[in-house]
Amino acid sequence: MKTSEFLSLLKQHQNKSLLFEYAPNKLVGANYHITEVKNITIDSVDCGAVTDFWKETIVQLWESPKEKDKTEFMSIYKALGILNKVDKIKPMDKNTEIKFEYSNDHFHTAQLFVNDYDLSDSELTIKLSVEKTDCKAKETCGVPVEAEAEKEACCAPGSGCC
């Protein structure tokens, strides 16, 4: 989901609570805070020696231990207020993909992408997913589709791509 799409979705549902599902049926706690918004630039070289460049917006979610018993989730109105304030200080590139950085005691720190969302009368739930790593240079590395299905590494020793 692009940052602009996410912000537009929030603007349409300001009267609802904002929830995040970081894994199937597992919600970020109601005690979450938006602690950081990152404008990230990726300038990379893959294992096939191909360069790439893109930007992302990363919103960090953190559960406050002081509010662990909180049951009411942040309102979309409040979340929009935070994001609008950030945008005035460090403008977000609205054409970038938006991701959410999150962890808890049972879930490793990860940058999660928006997979889907659900709307109810009172809530907007953003469904997040882990993005698996992948080899962008499969052809250069000589990785056939069948090997990918078997989850073989694209840069195996002796493959010549690394």
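Student: What makes up the accessible surface of the chain, and how much does it come to?

Tutor: The accessible surface comes to about 10,200 Å², and 49% of that belongs to carbon and sulfur atoms. Such areas come from the Shrake-Rupley method with a 1.4 Å probe, and for residues only the protein chains shown count as cover. This is a predicted model, in which local features need pLDDT of at least 70, side-chain atom pairs count only at pLDDT 80 or more, and totals for chains, interfaces and linings use all residues. Residues are numbered from 1 along each chain as its sequence is written, and side-chain values use heavy atoms, with hydrogens and water left out.

Student: Why is Asn-25 called exposed?

Tutor: Exposed means over 50% relative accessible area, buried under 20%, and partly exposed in between (1.4 Å probe, protein chains only). Asn-25 has a relative accessible area of 72%, so Asn-25 is exposed.

Student: Where does Asn-25 lie, and what is its phi?

Tutor: Asn-25 lies in the loop between β1 (17-23) and β2 (26-27); strands here are DSSP runs of E with at least two residues, helices are runs of H or I with at least four, and both are numbered from the N terminus. Its phi is near 65°, a positive value in a residue other than glycine.

Student: Why does Ala-49 count as exposed?

Tutor: Ala-49 has 62% relative accessibility, and therefore counts as exposed. Ala-49 is in the loop between β3 (32-45) and β4 (51-63), with a phi near 70°, again positive in a residue other than glycine.

Student: How many helices and strands does the chain have?

Tutor: The chain has four helices and seven strands, in the order α-β-β-β-β-α-β-β-β-α-α from the N terminus.
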